[in-house]
Amino acid sequence: ALIPGLVGLGEGYPDAFYGETLATMPVVMDHLLGAVVADALDTSTPAAAAASLTAIGAAFDAAIRGHGAAKCALDIALHDLVGKATGVPVHRLLGLPATIPPTDFTLGLDTPEVVAERARRAARFPALKVKVGGPADLATLEALRGVYAGPLRVDANTGWTPETAGLLIPELVRLGVELIEQPFPPRRYDWLLDLQAASPLPIVADESAVIEEDLDALVGVVDGVNVKLAKCGGVGAAARMLRRARELGFRTFLGCMEETSVGIAASAAVASLAEWADLDGCLLLADDPFEGLELGDDCRWVLTDAPGLGVRARG
């Protein structure tokens, strides 16, 4: 144990799209831990602890490129551990405020009728994120507009062609869509550039914006980027990537995978750096094994003064 008597909770969501699986995670985590010197973690003061977490994150990045989910699991656990050791919540360790944007709620691909019914049940949320990329996209959005009046955020998950996007965008504007996420394959910067130039709606890169070093290639190509802890490597990496994105003039979206309250609490800690938040992963689970993270009436995750993540195992 790094700190006797204390346990840090962490979570990483491996996605084969980014080259990670349940088999790669433990191998890479062992490799990452081997790259950190034994006395790297200094919890003498919150400032010293924050500096040591930054140094450990740099050691992780130097040890292996990518593998964001493995890095994320360890990084979140270390931030939770340090927060508990110093008596400081993670957002304060990072020098960030507790005020964050509300989360939207995600609706998966299905028939227009089913998606509309899900939207009706999610009417409390100030915005809905809608997965699209099929022949019924327009019918689905029309059905949603029949039951929900708030902003819609469209996520095409690389599923459109330029022709499809060109035909749909005027309809999306008419239907009050707020943004379009990753319409094309990750490296089709030419398509993204042309679409953003023609689109009155912001185009937000997701699969094109995995780690901080991806940002430079997207300047002038898209209006926004979607940062996810499991893509970029955890709490510290997300804070750095969001700050850099803002410096470069991007609009910032903070997303998630299908994580428990551990991953969502860690994401919420950096959410003040984002304009838009899609942090509903734990709300989509039938049985979240953790408790302590609360969603306010305004659909904002509540960041408390509890040390670390403020999350604990149920029971």
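User: Ground rules before we start?

Analyst: This is a predicted model, in which local features need pLDDT of at least 70 and side-chain atom pairs count only at pLDDT 80 or more, while totals for chains, interfaces and linings use all residues. Residues are numbered from 1 along each chain as its sequence is written, and side-chain values use heavy atoms, with hydrogens and water left out.

User: How many cavities of 30 Å³ or more does the search find?

Analyst: The search of the whole structure gives 2. A cavity here is a set of points, on a 1 Å grid over the protein atoms alone, where a 1.4 Å probe fits but cannot get out; lining residues have an atom within 4 Å of a point. Grid points are joined across faces, edges and corners, and a volume is the space filled by probe spheres set on the points.

User: What is the volume of the largest cavity, then?

Analyst: About 140 Å³. It has 15 lining residues, and those closest to its centre are Leu303, Thr304, Gly308, Leu309 and Gly310.

User: Which helices supply at least two residues of that lining?

Analyst: α4 (90–93) and α12 (261–269) each do. Helices are DSSP runs (H or I, at least four residues), strands likewise (E, at least two), numbered from the N terminus.

User: What classes of residue line the largest cavity?

Analyst: There are 10 nonpolar, 5 polar and no charged residues. Ala, Val, Leu, Ile, Met, Phe, Trp, Tyr, Cys and Pro count as nonpolar, Asp, Glu, Lys and Arg as charged, and the others, Gly among them, as polar.

User: And what lines the second largest cavity?

Analyst: The lining consists of Gly57, Phe60, Asp61, Lys71, Asp75, Cys232, Gly233, Ala237 and Arg240. Two or more of these residues come from each of α2 (46–63), α3 (68–86) and α11 (235–247), with the largest share, 3 residues, from α2. The volume of this second largest cavity is about 50 Å³, and its lining divides into 3 nonpolar, 2 polar and 4 charged residues.

User: On to pockets. What is the volume of the largest?

Analyst: The largest pocket is about 360 Å³. A pocket is an open set of grid points with protein on both sides within 12 Å along at least five of seven lines. Of the 19 residues lining the largest pocket, Lys131, Asn157, Lys228, Cys256 and Met257 lie nearest its centre. By class that lining has 6 nonpolar, 3 polar and 10 charged residues.

User: What about the second largest pocket, which residues are nearest its centre?

Analyst: Tyr18, Gly66, Val210, Ile211 and Lys231, out of 20 lining residues. α3 and α10 (229–232) are the elements that give two or more residues to that lining. The second largest pocket holds about 270 Å³, and its lining divides into 10 nonpolar, 3 polar and 7 charged residues.

User: Back to α2. Which of its residues are buried?

Analyst: Ala48, Ala49, Ser52, Leu53, Ile56, Gly57 and Phe60. Buried means under 20% relative accessible area with a 1.4 Å probe and protein chains only. Their cover includes α1 (24–34), α3, α4 and α11.

User: Last one: where is Thr103?

Analyst: Thr103 sits in the loop between α4 and β1 (105–107). Thr103 is buried, at a relative accessible area of 1%. A polar atom of its side chain lies 2.8 Å from the backbone nitrogen of Leu279. Its contacts beyond four places in sequence include Phe125, Pro126, Leu295 and Trp301.

Conventions:
Buried means under 20% relative accessible area, exposed over 50%, partly exposed in between (1.4 Å probe, protein chains only). Contact means heavy atoms within 4.5 Å. A polar contact is a pair of N or O atoms within 3.5 Å; within protein, one must be able to donate a hydrogen and the other to accept it, and residues adjacent in sequence count only if both atoms are side-chain atoms.
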